[in-house]
Amino acid sequence: AALEGTLSAAHPRARADHADVAVVGAGAAGLAAAIFAAEEAARTPGHATPRIVVLEGARRIGAKILVSGGGRCNVTHERVSADDFNGARNPIRNVLAAFDADAARRWFASLDVALKREETGKLFPVSDRARTVVDALVARCRALGIELRTATRVTAIARAADASAGGSAFIVDCEGAGARHELHARRVVLATGGRSLPRTGSDGSGYALARALGHSVTDTHPALVPLVLRRGFFHAELRGISHEAELVTLANGKRIDRRRGSLLWTHFGVSGPVVLDASRHWVLARARGDTVELRMSVLPGESAEQADARLQALARERPRASLGRLLAGLLPERLADALLRTAEADPATPAAQLPRDARRRLARCLTELVLPVERDRGWDFAEVTAGGVPLAEVDFRTMASRRTDGLFLAGEILDCEGRIGGFNFQWAWATGFLAGRAALRSLRGMQSASSLTLD
């Protein structure tokens, strides 16, 4: 039977190796794409039921979802905008408008996953278990008749020789259970993820598949990744301490990023939300060969001059108090001691007796301390990938490839990554929504651009 004829359900003898929609990757974007494709089919009766197959190289479904958010899965954020992402603004804005945070909340409610809002605006399942999210997605797939194949690695995707003018057909080469086999698919959704957390199955292999189908791939780098500091710096003695901080990243002396948030000291260096968000700017600048510097302020929003004025005011109020005691009122005690040592100031010195030059040096340590970053912690600890398939190579209304008919792309494989806080999951749900519905509609000759809405 011709691949571009009626849906494969009309050809029972071909069901073992044919699919109407093949989704490569069973992460957040892939599961969403499969579900929305199947739900779109259910919304348009009078057609044969499509066969939707999800191919996952790992043995577990949603492995990356399960380890996200400390095992709790921050599914989205209360407010999401294009400004929360790095990438081409116009496509990102349009994708997010098609399936926004409110749509995500309604969708999870339909999956019987109750969400709660935390003070930061992050939305988590009420159960505080990422397993709740994965179980709900898998249950929905099963209810819709979607076939989930784990431990099935896709090694190649090629256009079929009998692809017709009415649409494309693909031959998907797979490896699994010690054997190789082919899956003939009428539509393909690439949702393989990037290179972050490769132990979950996101090893970057999807980029070769995209290239073979005509796409380019920008350089990829770890993002939302902890940073390793030079041995001998004071970070190890502060292990476990968290506090508010402001980070400024400079490349060749020019400021390229500035942000504030919670910083966590670790045995290897620094982590925490503000570090993870700043990391992509440090990593990309270093990759370009720039001279990169990361400065920290423990008094966010204050200049060195303002910090100096604050120290003078504290000294007038408590002239006999030691510097250690004064700073301990502003910062965690161990951090205060480390900063005083760095500024070459004795913690026991009475505040009123600190010389002007020493006071100014301390003010700079409080507001402009250079963190001696040696490297990022690598792909095994990066939460997302910076880089990927350029957004210009997909139709942002449908996530359809502009290079290969019948191919759709969703999730982290694309050159777009958000800041920490549920934004990358929102990108996965939104691109999966567009790709899944458009793939199914294209099979049935339906218009699938601006008419896509979540009902």
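D257 is located in strand 14 (residues 254-265), where strands (E, at least two residues) and helices (H or I, at least four residues) are DSSP runs numbered from the N terminus. The model is predicted, so that local features need pLDDT of at least 70 and side-chain atom pairs count only at pLDDT 80 or more, whereas totals for chains, interfaces and linings use all residues. Residues are numbered from 1 along each chain as its sequence is written, and side-chain values use heavy atoms, with hydrogens and water left out.

With a relative accessible area of 8%, D257 is buried; the term buried denotes under 20% relative accessible area, exposed over 50%, and partly exposed the range in between (1.4 Å probe, protein chains only). Apart from residues up to four places away in sequence, D257 touches L247, V248, T249, A278 and H281, contact being defined as heavy atoms within 4.5 Å. The C-alpha atoms of D257 and L247 are separated by 8.0 Å, and the two residues are 10 apart along the chain.

Two loop positions were also examined. S322 occupies the loop between helix 8 (304-317) and helix 9 (323-328) and is buried, at a relative accessible area of 17%. Not counting residues up to four places away in sequence, S322 touches P347, A348, T349, P350 and A351. R60 lies in the loop between strand 2 (52-55) and helix 2 (63-67) and is partly exposed, its relative accessible area being 47%. Between the C-alpha atoms of R60 and G329 the separation is 49 Å, for residues 269 apart along the chain.

Aromatic rings were paired as follows: rings of Phe, Tyr and Trp (its six-membered ring) pair if their centres lie within 6.5 Å, with planes under 30 degrees apart counted as stacked, over 60 as edge-to-face and the rest as tilted. By this rule the count comes to 13 aromatic pairs. The ring centres of F36 and F433 are 5.0 Å apart and the planes stand at 90°, so this pair is edge-to-face. It links distant parts of the chain, F36 belonging to helix 1 (residues 28-43) and F433 to helix 12 (residues 423-443), 397 residues apart. F36 is buried at 0% relative accessible area, and F433 is likewise buried at 0%. F108 and W429 form an edge-to-face aromatic pair, 5.2 Å centre to centre with 75° between the planes. This pair also links distant parts of the chain, with F108 in helix 4 (residues 101-110) and W429 in helix 12, 321 residues apart. Relative accessibility is 0% for F108, which is buried, and W429 counts as buried at 0%. One aromatic cluster is formed by F36, F99, W107, F108, F425, W429 and F433.

R72 lies over the face of F124, 3.8 Å from the ring centre, and the charged end of R377 sits over the ring of F381, 3.8 Å from its centre.

Helix 10 (residues 333-342) packs against helix 11 (residues 356-368) at an angle of about 125°, the axes being 9 Å apart. Axes are lines fitted to C-alpha atoms, for helices over the stretch in contact, and angles run from 0 to 180 degrees between N-to-C directions. Helix 10 is therefore oblique to helix 11, given that angles under 35 degrees count as roughly parallel, over 145 as roughly antiparallel, 65 to 115 as roughly perpendicular and the rest as oblique. The contact involves L339, L340 and T342 of helix 10 and L362, C365 and L366 of helix 11.

Terms used. Lys NZ or Arg CZ within 6 Å of the ring centre and 35° of its normal.
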